[in-house]
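Dear colleague,

Here is the structure you were expecting, handed over together with some notes on what turned up in it. Please read the notes with the model open beside you.

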Amino acid sequence: MKIIADTGKCVGAGQCVLTEPALFDQSEEDGTVIVLDDQPQGELVEKAREAVHVCPSQALSLQE
């Protein structure tokens with residue numbers, strides 16, 4: 001699985017970072033998502049799915 005982030009859609013809500021700070025961060029410039037680990041393993045896979053689900057702008061997706 002790979003995490004795909006569309007920074008053009010991202011509104012900087014930070015829900016992804018709150019869900020799993022090991023996978024996501026936010027840009028200091030505009031608050032948009034930065035993916036720290038785009039190919040999560042183990043328990044982080046479920047956290048990635050949760051982050052995709054809670055993203056208010058639907059800027060995150062998963063490629064299986």
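A residue is called buried when its relative accessible area is under 20%, exposed when it is over 50%, and partly exposed in between, with a 1.4 Å probe and protein chains only. Because its relative accessibility is 52%, Asp-30 counts as exposed. Before going further, please note that this is a predicted model, in which local features need pLDDT of at least 70 and side-chain atom pairs count only at pLDDT 80 or more, while totals for chains, interfaces and linings use all residues. Residues are numbered from 1 along each chain as its sequence is written, and side-chain values use heavy atoms, with hydrogens and water left out.

Asp-30 sits in the loop between strand E2 (24-26) and strand E3 (33-35), where strands (E, at least two residues) and helices (H or I, at least four) are DSSP runs numbered from the N terminus. Its side chain makes a polar contact of 2.8 Å with that of Thr-32 and another, of 3.3 Å, with that of Ser-27; a polar contact is a pair of N or O atoms within 3.5 Å, and within protein one must be able to donate a hydrogen and the other to accept it, with residues adjacent in sequence counting only if both atoms are side-chain atoms.

Turning to the cysteines, a disulfide is taken as a pair of cysteine sulfur atoms within 2.5 Å, and by this rule the count is zero. For Cys-10, the nearest cysteine sulfur is that of Cys-16, 6.3 Å away, and for Cys-55 it is that of Cys-10, also given as 6.3 Å away. Cys-10 counts as buried because its relative accessibility is 16%, and Cys-55 is buried too, at 13%.

Cys-10, Cys-16 and Cys-55 are among the 12 residues of the largest nonpolar core, which also include Ile-3, Phe-24 and Leu-60. Such a core is a set of buried Ala, Val, Leu, Ile, Met, Phe, Trp, Tyr and Cys residues joined through side-chain atoms within 4.5 Å. Helix H1 (15-19) and helix H2 (43-54) each supply at least two residues of this core.

Finally, Ser-57 lies in the loop between H2 and strand E4 (60-63), and it counts as buried because its relative accessibility is 18%. Leaving aside neighbours within four places in sequence, Ser-57 is in contact (heavy atoms within 4.5 Å) with Lys-9, Cys-10 and Val-11.

With best wishes
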